[in-house]
Amino acid sequence: DNAGGVLNVVGEDGEEYQLGWSCLINAAGLGAKNIADKIQGTRSNDPPDIFYAKGSFFSLTGRTPFEHIIVPLGETLAGGGAFTLDNGGRGKFGPDLEWVDTIDYTVDPNKAAQFAAAISKYWKDIDVKRLQPDYSGIRPRSWGQNDPPGEWIIETPEAHGIPGLINLFGIETPGLTASLAISKYVADALMLERIL
């Protein structure tokens, strides 16, 4: 049943397909806006803009000085000053906050000084030479660098005019992976349309 609409997709082999749907929950994180843009249907408005908030991590070489997680507030947190332990007991700091225009997971080794400055707010003996670039992630957000903090966007058919389509925009961890409230809200919206 294609009552909801059609989604154009390209398979791994490069072949193009059309997928018909009567109910579609678009919860693709960073890719949610891209998917919404590809849905054939008559939208009453454009999908909202999504902004990328990159967070890099640096691992700590040698002995770990803390046995617990440290999550500072404000500029210390945004500078990469949070401390966590992985399953192997290895210490790492981050994420920092860097607004970017493209998805790029490269960690800039020159950020070590920035991280050390943030960490030194509570650990005076940090040695920048012990910080090694590790990995990064990108958080989708509904607001940009110069905007006031925004909200997660759950776009229902009432908002865009396409029956059976729910778009989840700008929802970063742990929203899509851990929020039962979001899943209940989506299920309730589909029940109102008599989809579930």
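The model is a predicted one, in which local features need pLDDT of at least 70 and side-chain atom pairs count only at pLDDT 80 or more, while totals for chains, interfaces and linings use all residues. Residues are numbered from 1 along each chain as its sequence is written, and side-chain values use heavy atoms, with hydrogens and water left out.

Me: Why is Asn-167 called buried?
Reply: Buried means under 20% relative accessible area, exposed means over 50%, and partly exposed lies in between, with a 1.4 Å probe and protein chains only. Asn-167 has a relative accessible area of 0%, and is therefore buried.

Me: What does Asn-167 touch, not counting residues up to four places away in sequence?
Reply: Contact means heavy atoms within 4.5 Å, and on that basis Asn-167, which lies in strand S11 (residues 165-169), touches Asn-26, Ala-36, Arg-43, Ile-153, Ile-154, Glu-155 and His-160. For Ile-153, 14 residues apart from Asn-167 along the chain, the C-alpha separation is 7.9 Å.

Me: Why is Gly-62 called exposed?
Reply: Its relative accessible area is 61%, and because exposed means over 50%, Gly-62 is classed as exposed. Gly-62 is found in the loop between S5 and helix H2 (74-78), where helices (H or I, at least four residues) and strands (E, at least two) are DSSP runs numbered from the N terminus.

Me: How do you know how the radius of gyration of the protein chain stands against that of a compact globule?
Reply: The radius is taken over C-alpha atoms, and the globule rule is 2.2 Å times the number of residues to the power 0.38. A compact globule of 196 residues would come near 16 Å, but the protein chain has 21 Å; its C-alpha trace spans about 65 × 35 × 35 Å along the principal axes.

Me: What makes a set of grid points a pocket?
Reply: On a 1 Å grid over the protein atoms alone, a cavity is a set of points where a 1.4 Å probe fits but cannot get out, whereas a pocket is an open set with protein on both sides within 12 Å along at least five of seven lines, and lining residues have an atom within 4 Å of a point. Grid points are joined across faces, edges and corners, and a volume is the space filled by probe spheres set on the points; the largest pocket holds about 200 Å³. Of its 15 lining residues, the closest to the centre are Ile-138, Arg-139, Pro-140, Glu-172 and Thr-173. The largest share of that lining, four residues, comes from S9.
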